[in-house]
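Biologist: Hello! Could you walk me through the side-chain contacts here?

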Amino acid sequence: MDLRLREIIQANPISNQLDAVHFKFKSKCEEKDIPCTTAALDQLDRKELKDIVVSLVLGLMGAPASQLLDSPGSRTNLFEDLAILAASSNRANFLDNILPLLKAVLANNNDDEIWARAFDICAGTSIPTTPPRSLLSLVDVQQTPYSRNAASSVNTNELRKDMDAVIKEDLGVMYADIPGFYNAFFGEKELESVSQKVFDKCKEGPDPLFREGGWTGWPQATTETPVLSWFKAITEKLSTFAKDVKSTLSPRRKVLARPTQPITSSTGAVRKPDVSFVNYSVNGQDPEWSWGNILIPGELKSNPKDDIASKVWLELALKVREVLAYYETRRFVLGFTLCGSLLRVWNFDRLGAIGSEAIDINQDGLRFVFTILAFLCMEEEQLGFDPTIRTREDGKQIIEIQRQGAPMEQLIIEKLITRSACIVGRATTCWKAYTEESKLPLVIKDSWQYIERNNEGEMLLEISKKNVVNVARYYHHETVIINDKIDDVRGNVRRDLDITKAGKFSMEPRSSVEPLSTTSNTGAVQLHRGSSITAGKKRSASAMLPPSKRSRSDAPTEETPPNRVHRRVIIRDYGKPICEASSLPALLKALEGCIEGHKSLHEAGFLHRDISINNLIINEDEDNPSYFSFLIDLDLAIKELRPEASGAKGRTGTRAFMAIGALEGEQHSFMHDLESFFWVLFWLCIHSDGPGTRPLVSPGFEHWNYVSMRSLAQFKFATVGRGFKTQLKSHCTGYFCDLIPCMERLCEVVFPAGQPHAQQDEGLYSRMRDVLRKSREELEQLGSSAEA
């Protein structure tokens, strides 16, 4: 082993990654009442050995060095070799090949020797050359692979350079040239008939709009301004022609083109859409140029060569994200790109982006007319709006449900609570609602879940029977049905289009978004343990809560993406995120109650796994019968002793609140969730200046949304080290300064000696609650003294 590899191994020790191997081996030996020596391996059956060996391989995969060490073959790194090795666990020679490595681990050999044996096995073992369909099956049953998406960022200015990388990783790949795309989304016989009649009219007269060679007036220089002018004019003419055709179809939209006029999004990001289809305004004037009026966004480029994933497609995706974020009832968004004379139509949904074949509008004039008329005339449901959420004559939005054994009831939506700003993912949307009969406050939650994922509604129903406290209580759940079909992406949104016959275009996400060091004029960060984070001036943020070349394979895709299904869960507890607590004592009391709720959930056999500011709720309304504080969102929760992984493709979460061990790939446990409570309070201390104030962006911490998971773990490790108090004082807002003693004590409890706990400890629940209770009492006493 050369010097460079030894340096990597020494800098990234295996540490406790193989503790599970020793624990399982010891347990097997104790069950058989045999000495715990390597000789005992001969007395274990193959099933018992396989259980230990798989834990060994997965443990090495979780060690940081596995992703830094070179592959002995042709793969990216040793991690990939180990993943494929684990996938071959059913092969006859699997155990025989790995037993020497297992013996080295059980004999407590040093890291150099363990990695050397791993190298030998991966280099010399006959294993499959194709990676497994999902790495989830290779990860411990309690783990779900992490995938970042655009909704997982908090307290960020959403700079374009950062969001480009996030959107690329969010989409992963874009599928284009899909056969049958037009029939799936626009396949109406009447539309075809009207389009043909309108196109025939375009070819009539001495000076036809369309003749051999293309459209009249198509600009010779396909720069933005003349193309936009031509596009707007031809759309208006096609709309006029369509109105003259006897048909039930009626144009209801127009084109707006204001490429130099920026729009500010709900997240504070500034975008400049090139062209969009918008509804006609009531007064006949152009509607306001805002995301609330854009229904079908479009992007233009002068060069047909720009029709690639890393350029105009990415530009369109950034705009689509804003449209999806604005319309809380939007299931998907259609858009288009026009590069020179090449037109392509896109559908963006919760699995990603799929596109039509590109057409040259000057060669296929009929298809161009068909596309424009579709955009002008489509019903809102065809544009992705949810028909199960409708508006009554009195202007109130309602959802109808039928609980088991009960008549149909209407839930009246009072207001939107939250909407995830993302394209791919769960896209969680929550509304406050009530019934006219009881006025009971309810929360309706819509999300797009992997079909393999545990059903949150079923889990809440089960939990409601176990006397769990301080967790949102069950009211109803259902899978959304639209047009008598389950509302899933692959079937109901994409109409069973076969993407395996499409071109697969990589968005080319970078493996690590950040450089090795990040500096600014206000602060600096170094990526190694023991680093310091210097304070910088805070800037205003829009919200406290959620922020190349063409690469194509023309062969059928090796893997069909998973499916997501539209689920609806209704709970009967309502409140506000704890960041809106009226006082510091109220905030600490709410946190204490949420930790109690987590313990109650844990004792009932469930693990939450997504502790974040949005999921910790406080209720200070005395007339509201909900808990004073409680946990919500069991999307990522699991039964702690589930026999196998869910099969879901990945998980999303709020990176800023993830535990260090979770970032490093450890098996998720209740200890990681308890650590997340600490990070929630820490984040509030540096990003909030009290209730009713605008959230802040701290330049020393904004990059936490974008750095790699390993780097983020290093940042967090450095944060809770010896300089924790100094860093906290440097970044803490004025409102939260009184919590610095509480945070110091909490840090000592959660990170003894500046390190995460090496072992699980149920007593951490009570110690954390004791710190919060004592700190709350001190603040209340301080407040009473001040009043006196």
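Modeller: Gladly! A residue is buried under 20% relative accessible area, exposed over 50% and partly exposed in between, using a 1.4 Å probe and protein chains only. This is a predicted model, where local features need pLDDT of at least 70, side-chain atom pairs need 80 or more, and totals for chains, interfaces and linings use all residues. Residues are numbered from 1 along each chain as its sequence is written, and side-chain values use heavy atoms, leaving out hydrogens and water.

Biologist: Is Phe 385 buried or exposed?

Modeller: The relative accessibility of Phe 385 is 9%. The cut-off for burial is under 20%, so Phe 385 counts as buried.

Biologist: Which kind of aromatic pair do Tyr 327 and Phe 385 form?

Modeller: Rings of Phe, Tyr and Trp (its six-membered ring) pair if their centres lie within 6.5 Å; planes under 30 degrees apart are stacked, over 60 edge-to-face, and the rest tilted. The centres of Tyr 327 and Phe 385 are 5.3 Å apart, with 85° between the planes, making the pair edge-to-face.

Biologist: How many disulfides does a search of the whole structure find?

Modeller: A disulfide needs two cysteine sulfur atoms within 2.5 Å. For Cys 732, the closest cysteine sulfur is in Cys 737, at 4.5 Å, too far for a bond. For Cys 742, the closest is in Cys 685, 7.9 Å away, also too far. Searching the whole structure gives a count of 0.

Biologist: What is the relative accessible area of Cys 742?

Modeller: Cys 742 is a buried residue. Its relative accessible area is 2%.
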